[in-house]
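Open the model in your viewer, keep the sequence panel beside it, and follow the stops below in order.

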Amino acid sequence: MGFPSEGKMVMILRATKLLLGLTFLGYLMILVLAPTNLWCNKWVLEVHARTDTKSFGWQGVYMLIYSIPVLLIALFGCFYLHLRKNGGNYRIKAEKNQSELKKWMPRPMLVKGPLGVVSALELLCFSMFLALLLWCFSIYLTNHFRDVDKGVAVVVSEDGRKPDERKWVQKLQISSLYLGVVGAFCCGFLFYPVTRGSSILPLLGLTSEGSIKYHIWVGHITMVIFTAHGLTYLLFWAITNDLVEIIKWDKTGISNVAGEISLLCGLALWITVIPRLRRKMFELFFYTHQLYALFMFFFLLHAGVNSFTVVLPGFFLFLIDRYLRFLQSRQKVRLVSARVLPCETLELNFSKSPGLNYNPASIVFINVPSISSLQWHPFTVTSNSNLEPDTLSALIKKEGRWTSKLYETLASPSPVNRLEVSLEGPYGPISADFLRYDSLVMVAGGSGIAPMISIIRELIFRKASLDRPFPRVILLCAFKRAADLTMLDLILPITTPRVPIDIAQLLRLEIEAYVTRELKEPHYSPGTDQSKSNPVRTLRFKPDPTDVPVSAVLGPCAWLWLGAIISSSFVLFLLIMGIIGRYYIYPIDKNTYMVFPASSRALLNTLVICSVTMGIASIAVLWNKRQNAREVKQVQNMNVSLSAPTTASLGSWAYEEKAGGRELESFPQQHYCLAQNTRLHFGSRPDLKKMLKEYEGSITGVLVSGPTEMRHEVAAACSSSYSGNLHYEAISFNW
């Protein structure tokens, strides 16, 4: 696909952003007006009068109002992101202008508390979201309580019985009902943050792993509302001596049993996300979280297709993403080699399709069937798609049960010759915006150094290929033991075919490495059987004909393909449901919703939308497989050159410095240059607040990846900065 000139590209992107903004504002206006009498009693009726058809009835009206705007945003977002990704020179220039939301309010406002580290912008958006929920609930209650006070029966029993004449009981029922309505509205936002291949999150400068906390916030609010909805209805039934409603599955109305099953599934999910329980019993958390499918299915049966249209767009986008991930995970990727470090850390090196490009700080989800066929764990990519076009590397630290089993398998005296691995991703930011800073301070704790390695490698490539000012780079890393210093070996790639050999001399990189739990001693005592001159061990694996290189599931034009899947699958869903509605449901029900079973209508919608989504996504994936078959064969037939690590590297020098060290001149040139700019500190912790204060005079990006305490300390230092030039950003999986 050819691209227009830079001037036309700017105009197209600005027009697309304007269209996205107007669509979002229109959708936001709908959400604000939804509970008002003006909307409920006038505008919706007018829309229904103009769009009422025998094919859809009220379902079509609600989809037009609540589902179509979000899907249009997702569709336009795919087009916008495709242009940005392939925009040539404009893409590079746009990096300084991206992540606009982050630049508005980059400083943390809250550091410690139930929400964790929260910026002013995040707090503002969260407050607005809560205000919107309270607004909807209060307007619903105000309007309907007024009718109750006037003696108007607002809610009638499903079997047509006369409602309770006590006004406070009627108000309790109304409150219970609209708690469910507001809960459904809140549930509509639950799936956007966990859609890894989302086209909506990148528009806001967000990534899926960085948005997990929003999923947690919305999940807590949703479950509080739904739990209150269920408990207040139980109270209402008890007061009215109507507890038989608990086992009622109404044919055309609300199914109480389905709602109770959905709530029980939600409560099981909610309990297992308690931080202490999740960390100690991760497998219980992981497997219980798969109940989300039952939670949503029975919620649909309970609420009906009309109410589900509020949730439909977010869940539909998640469904597409989840199925694409499933298709990618069915392939076994080629694991070329692994580097085993004495600090109980692994670097896995996979064969990669040269056409796969990703940005620094991307993540991959890895599954090893020999350890667990169901568990997938996220790890940061340390390689760079520009420096290493044929390999993708990920850093894995031995910490939990799953990683311990993997490390023991590869670090054993007789390691396996082949390890079967599946992979999803990589997922990451749409571009790297760290070049816009005057200084870049990267604070890493333990294995948190992984995303910093990928950023440093990107800087190495940019320095070699671009003639532009570069920020001063400072890496502050803290490790528990001296053996952990060997992770510094991973800073420079194994092979750098695309950069000159003296690139390390050109990069303005300073390293401050702290070993917090050991003092410098006059003897050398490594924790493994490795030679002290070569603490890093490389394992190579036999290739298998069934293994394939890591590649994008939708190919190089992934955003365009995603947009095609979203649009074509939803249009096909509407077409099929229109035919079913016109020739099967309407002759029975006449759009009265009083004859045709509500559960059957919900099942038909579920079956059709799942079938068309999986069918079209499968066609797109198969098409891209055929298009990339030649490239895949080339990679499979080629032995990726991975040189064994040198017997003297930056990590081994730092490791041996504890024992008095050896002369720096005995190291290769690249490691020698970095070692000269590396200072080691034993038995102490970095005073981050004091060190960050030195950079207040310039625009400084502060990236932190590590334990919660470290992130809080860095966030506190950035929030207390008087100049406001410290721009905080966390990269972490510790939610």
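Helices (H or I, at least four residues) and strands (E, at least two) are DSSP runs, numbered from the N terminus. This is a predicted model, in which local features need pLDDT of at least 70 and side-chain atom pairs count only at pLDDT 80 or more, while totals for chains, interfaces and linings use all residues. Residues are numbered from 1 along each chain as its sequence is written, and side-chain values use heavy atoms, with hydrogens and water left out.

Begin with residues 307-324, one of the spans that UniProt, in an unreviewed entry, lists as "transmembrane region"; such annotations may be inferred rather than shown by experiment. This span is 83% helix and 0% strand, with its end C-alpha atoms 27 Å apart. Select next residues 559-583, another span in that UniProt list, which is 100% helix and 0% strand and has end C-alpha atoms 36 Å apart.

Now display β7, β4, β3 and β12, which form an open antiparallel sheet in that order (two strands pair if DSSP finds at least two bridges between them). At its edges lie β7 (391-397) and β12 (537-540), each pairing on one side only. Within the sheet, β3 (residues 335-341) and β4 (residues 345-351) pair over 6 bridges, and Ser337 has Asn349 in β4 as its bridge partner.

Finally, select Met296, which touches Cys187, Phe191, Phe308, Val311 and Phe315, leaving aside residues up to four places away in sequence (contact means heavy atoms within 4.5 Å).
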